[in-house]
Amino acid sequence: MRALAWHGKHDVRVDTVDDPGIVNPRDAIIKVTSTAICGSDLHLYDGYIPTMKAGDVLGHEFMGEVVEVGPGSTLQKGQRVVVPFTIACGNCFHCGKKQFSACDNGNPADNQDIAEKLYGQPMSGLFGYSHMTGGYSGGQAEYVRVPFSDVGPIIIPDGIEDEKVLFLSDILPTGWMAAENCDIEPGDTVAVWGCGPVGLFAIQSAFILGAERVIAIDHFPKRLELAAGFGAETINFEETKTSEALLEMTGGIGPDAVIDAVGLEAHGFFADNVIDQIKVSTFLGTDRTHAIRQAIIACRKGGRVSMPAVYGGFVDKFPLGAFMEKGLTLKTGQTHVQRYLAPLLAAIMEGKIDTTFLISHRMPLEKAPEGYKLFHDEQDQATKIILKPGMV
Amino acid sequence: MPDMLDDERADDAPPTTAKGSSSDDGLTHFSRAITINRPPQDVYNFWRDFTNLPHVMDNIIAVDVLDDVSRWTAKGPGGTQIEWTSRVTEDVDGALIAWKSDEDADVFNEGRVTFVPAQGQRGTVVTAVMAYDPPAGFVGRIVAKIMQREPEVQLRRDLRRLKQLMETGEIATNVRNPAQLAEEGK
Ligand SMILES: NC(=O)c1ccc[n+]([C@@H]2O[C@H](COP(=O)([O-])OP(=O)(O)OC[C@H]3O[C@@H](n4cnc5c(N)ncnc54)[C@H](O)[C@@H]3O)[C@@H](O)[C@H]2O)c1
Ligand SMILES: [Zn+2]
Ligand SMILES: [Zn+2]
């Protein structure tokens, strides 16, 4: 089959690789009809994530048609499914608590060592996202092997096009969980740092969950415009002093809840060596670790901090004093995607949530390397790129 | 394993986690615990049938159960195989299995695994405590070279595979297809 493989920094290629097949009883093979490039993929592209190997197939946001099932799968050939990016078993203690991204069993035994060493306990497996999270082949490919297919994928009824449901695989549940983690109360103002896909879905979700006001912060005009389209007030941090503006816009109180949807995914993955790597790059030039610090300082006393943004290791100068003295609460984590699939699919079908506004580009899988370059270089215009293996 | 049961300890922590722990029996000791979301009896039953263990223990090629002993074949260095005979020294149904290899085994080893109901209906806490004798002689030195760091790594991975199989009915793997699985010799 054809698949987008990682070969090194800024080097991704569409290669011909072995077809996937059923290995474990609960597996299914999915023929991919649509897959997306994620902000998280850019960190692989930029070479910040360790434990990548040349030839690794990328992609954790994908959907398609079931073409083969193992004896333990409950799926049927021909069904259309969206696959969660978190690989969770449904049987362990954490799955029982619906903490799917903490699943004990989704990550192969040998691969768990790295995360256990770094974090104390290993996390679940993820598709197409380095060997630390399992080394699984991802979905930017014609076919994918999907483990635990009896509990992960959600079946999509006929008649709903791919583009309406594809983002159930990651960014829509991620934005939703980010807003849910704000424990929104009537009258609340929620401030959101970052108007990428995650931030934009968090903004939509915050309004649905009852926020009275949402203030969106970014520096890309196009992205701020999309935020405004949902009713958010905007702050362009290049033109405005964000902290001062937030204080004044909230009558001196500060936002009741703050969301960091910026992140610095690679910051400190394997502490020292990677920090050094980052320091010599231009990545810090955008001052991205600034977001979580600024959010904590801006948040009102007794407020809530929600952090969907991904961090890998250690962060310098974390404002722990402000966090403690103001009595803040922090909620975070890789998204428990499986928890949100059914309610969010229902919300999409009822027309309560729109996802298609985000898509700026559609390309054949063969053009994936161009897609990565575009998404990397033109963040303002390229808000989300969809790859279609069947497209010519 | 005399000093595994040492009760003159300053706290309640497992003896193998003691700082600077060195045993006076010359053996290398290590331990690991894992919680498995199944009743103790189920996990005990799986373990007690030693022929099941090669499925979850990567280094073990085969186990033959004879009358009152079992014969173990494991991967050795450079594609070789090592073998030993092992005897069950203690056996409490649903709760505990202890074993000891023949004194003259290439790698003398002994161990004990307990199956204790976990708190809060979380299933079973499986704790394995093992000890082995870094072997002498030429072959011994080669064996020791890999064994000295390997057994602990191996134990934690084996326990994870045991948990995966007991909880999910399968062992997680990232291979793309059965051919790759065969290549890895599984
Ligand atoms: N928790 C999860 O499970 C999960 C899932 C998906 C993505 N993520 C993470 O969420 C984060 C956002 O993802 P995305 O796909 O939206 O990424 P993205 O790169 O498309 O968006 C990030 C946005 O933040 C803006 N930004 C940068 N610095 C800023 C600052 N100082 N203040 C305000 N805005 C700033 C950028 O201009 C950009 O628009 C990433 O860290 C990603 O890895 C987490
Ligand atoms: Zn993603
Ligand atoms: Zn699980």
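Two strands pair if DSSP finds at least two bridges between them. I kept that rule beside me while reading this predicted model.

**Entry 1: the sheet in chain B**

I started with strand β4 (residues 81–92) of chain B and looked up its link to strand β5 (residues 96–101) of chain B. Six bridges join the two, and they run antiparallel. For one contact along this pairing, I noted that V92(B) has L96(B) in β5(B) as its bridge partner.

Then I stepped back to see the sheet as a whole. It is an open sheet of seven strands in chain B, in the order β1-β7-β6-β5-β4-β3-β2, with antiparallel pairing. Which strands stand at the edges? They are β1 (28–36) and β2 (60–65) of chain B; each has a single partner strand, so one side of each is left without a neighbour in the sheet.

**Entry 2: a strand with two partners in chain A**

Next I moved to strand β13 (residues 257–260) of chain A. Its side chains point two ways: A257(A) and I259(A) go one way, V258(A) and D260(A) go the other, and all are buried.

I followed β13(A) to its partners. Strand β10 (residues 189–193) of chain A is joined to β13(A) by four bridges, and the two run parallel. Here W193(A) stands opposite D260(A). Strand β14 (residues 304–307) of chain A is joined to β13(A) by three bridges, also in parallel. In β14(A), R304(A) is the bridge partner of A257(A).

**Entry 3: the zinc ion**

Which residues hold the zinc ion (ligand 2)? I found C38(A) through SG, H60(A) through NE2, E61(A) through OE and D170(A) through OD, at 1.9 to 2.3 Å. Along the chain, these donors follow the spacing C-x21-H-E-x108-D. The angles among the four donor atoms run from 91 to 135°, and the site is irregular. For my own reference, ideal angles for four tetrahedral donors are 109.5 degrees.

Are H60(A) and E61(A) buried or exposed? The cut-off for buried is under 20% relative accessible area. H60(A) has 3% relative accessibility, so it counts as buried. E61(A) has 0%, so E61(A) counts as buried too.

**Entry 4: aromatic rings**

How many aromatic pairs does the structure hold over all chains? The count is 12. I picked out F62(A) and F127(A), an edge-to-face pair with 5.1 Å centre to centre and 90° between the planes. This pair links distant parts of the chain, 65 residues apart: F62(A) is in strand β4 (residues 61–69) of chain A, and F127(A) is in the loop between β7 (125–126) and β8 (143–146) of chain A. Both F62(A) and F127(A) are buried.

My other pick was F230(A) with F357(A). Their ring centres are 4.7 Å apart and their planes lie at 80°, so this pair is edge-to-face. The two residues are 127 apart in the chain: F230(A) is in the loop between α7 (221–229) and β12 (233–236) of chain A, and F357(A) is in the loop between α12 (337–349) and β16 (361–364) of chain A. F230(A) is partly exposed, with a relative accessible area of 24%. I ended by tracing a cluster in which ring pairs link F167(A), F201(A), F230(A) and F357(A).

Notes:
Residues numbered from 1 in each chain as written. Chains lettered and ligands numbered in written order. Predicted model: local features only at pLDDT ≥ 70, side-chain atom pairs only at ≥ 80, totals over all residues. Heavy atoms only, no water. Donors = N, O, S within 2.8 Å, 3.2 Å for Na, K, Ca; no water. Tetrahedral: all angles 85-135°; square planar, octahedral: opposite > 155°, others 65-115°. Buried < 20%, exposed > 50% of the residue type's maximum accessible area, 1.4 Å probe, protein only. Phe/Tyr/Trp six-rings, centres within 6.5 Å; stacked < 30°, edge-to-face > 60°.
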